Amino acid sequence: MQTAVLGAGSMGHGIAQVLAMAGHDVTMRDVDDERVADGVDTVRSNLQKGVELGKVSEAERDATLGRLTGETDLDAAVGDAGLVVEAVPESMDLKQSVFEEVDAAAPGDCLLATNTSSLSVTELASSVSNPERFVGAHFFNPPHLMDLVEVIRAEQTADETETRLVEMLEDAGKTCVVVEDFPGFATSRLGVAIGAEAIRMVEQGVADPAAIDRAMVEGYNFPVGPLELTDRVGLDVRLHILQYLREELGERFRPPALLKRKVRAGKLGVKSGEGFYRWEDGGRVDTE
């Protein structure tokens with residue numbers, strides 16, 4: 001299937017890789033040539049690492065890259081698409097604007113999915129004609145390594161749309177959970193609640209980040225601790241989600257003061273090189 005992924009950043013390039021590996025012809029679109037090239041280069045690097053680890057064959061690597069193209073023109077990216085996955089920054093206004101453009105350029109029966117981690121899928125669906133073809137597809141970071149995708153039904157989502165998306169994702173090797181459109185869905189709501197409490201514990205001097213993370217990994221079988229995960233997701237992203245959930249669900253989602261201070265200082269996690277840990281080339285520098 002011809003597929004367009006809108007956004008070549010940390011989520012977009014991973015989603016594009018997943019779909020291209022599953023046999024889709026994928027056009028990855030971003031606003032300028034440099035971002036597109038960076039996204040394609042990251043996919044190439046991910047695949048090469050997979051080859052070196054024995055998880056991806058050279059033939060799979062080459063076939064995946066052969067199915068992936070970059071584009072800056074949105075009309076060209078979505079004009080023949082059967083599936084469009086939006087992965088632009090977490091802003092309602094921006095996402096709505098993008099979907100209005102997609103609605104004008106993509107085929108009328110094209111399946112439309114948003115990778116939002118917290119915003120109202122129902123509100124986003126109202127940006128397009130035939131909103132019954134609209135659905136949420138919340139991938140987890142990094143998409144090419146994480147199995148789970150949270151599929152979110154908007155008020156307008158047709159049963160057929162949900163079924164089609166779940167089948168596509170399962171064919172791509174993903175595990176899907178289907179939830180209704182509610183602030184924070186299931187995973188973001190629980191994830192940020194745990195992360196926020198861990199930040200408050202650091203703030204209160206209960207323990208340092210490494211100790212809190214180690215306790216959750218060893219005691220509760222978390223694959224990664226809540227503070228390291230916050231660094232990987234982005235402190236600014238976590239702050240934005242908490243602010244949104246506070247507006248929608250109340251004061252129990254009030255962002256910790258320490259989180260706000262770090263974001264104001266530009267300490268956003270992996271993407272800035274420092275959050276609750278220091279990072280270089282995607283790896284922690286201050287290991288335990």
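Predicted model: local features only at pLDDT ≥ 70, side-chain atom pairs only at ≥ 80, totals over all residues.
Student: How much area do the two domains bury between them?
Tutor: About 720 Å², with 54% of it on carbon and sulfur atoms. On the domain 1 side, Ser 117, Ser 118 and Glu 150 supply 46% of the area buried against domain 2, more than any other three residues.

Student: Where does the chain divide, by the way?
Tutor: Domain 1 covers 2-180 and domain 2 covers 186-285. Their centres, taken over C-alpha atoms, are 26 Å apart.

Student: Back to salt bridges. How many in the whole structure?
Tutor: The search finds 16. One of them joins Arg 44 and Asp 41, at 2.9 Å from N to O.

Student: Where are Arg 44 and Asp 41 in the fold?
Tutor: Both are in helix H2 (residues 33-52); they are three residues apart, so about one helical turn separates them.

Student: Is Arg 44 buried or partly exposed?
Tutor: Partly exposed, because its relative accessibility is 39%. Asp 41 is also partly exposed, at 42%.

Student: Which parts of the chain does the pair Glu 228 and Arg 284 link?
Tutor: Distant ones: Glu 228 is in helix H10 and Arg 284 in strand E10, 56 residues apart. Their side chains meet in a salt bridge of 2.8 Å, N to O, and both residues are buried.

Notes:
Residues numbered from 1 in each chain as written. Heavy atoms only, no water. Domains from an automatic or database assignment. Buried area = accessible area lost by both parts, 1.4 Å probe. Salt bridge = Lys/Arg side-chain N within 4 Å of Asp/Glu carboxyl O. Helix = DSSP H or I, 4+ residues; strand = E, 2+ residues; numbered from the N terminus. Buried < 20%, exposed > 50% of the residue type's maximum accessible area, 1.4 Å probe, protein only.
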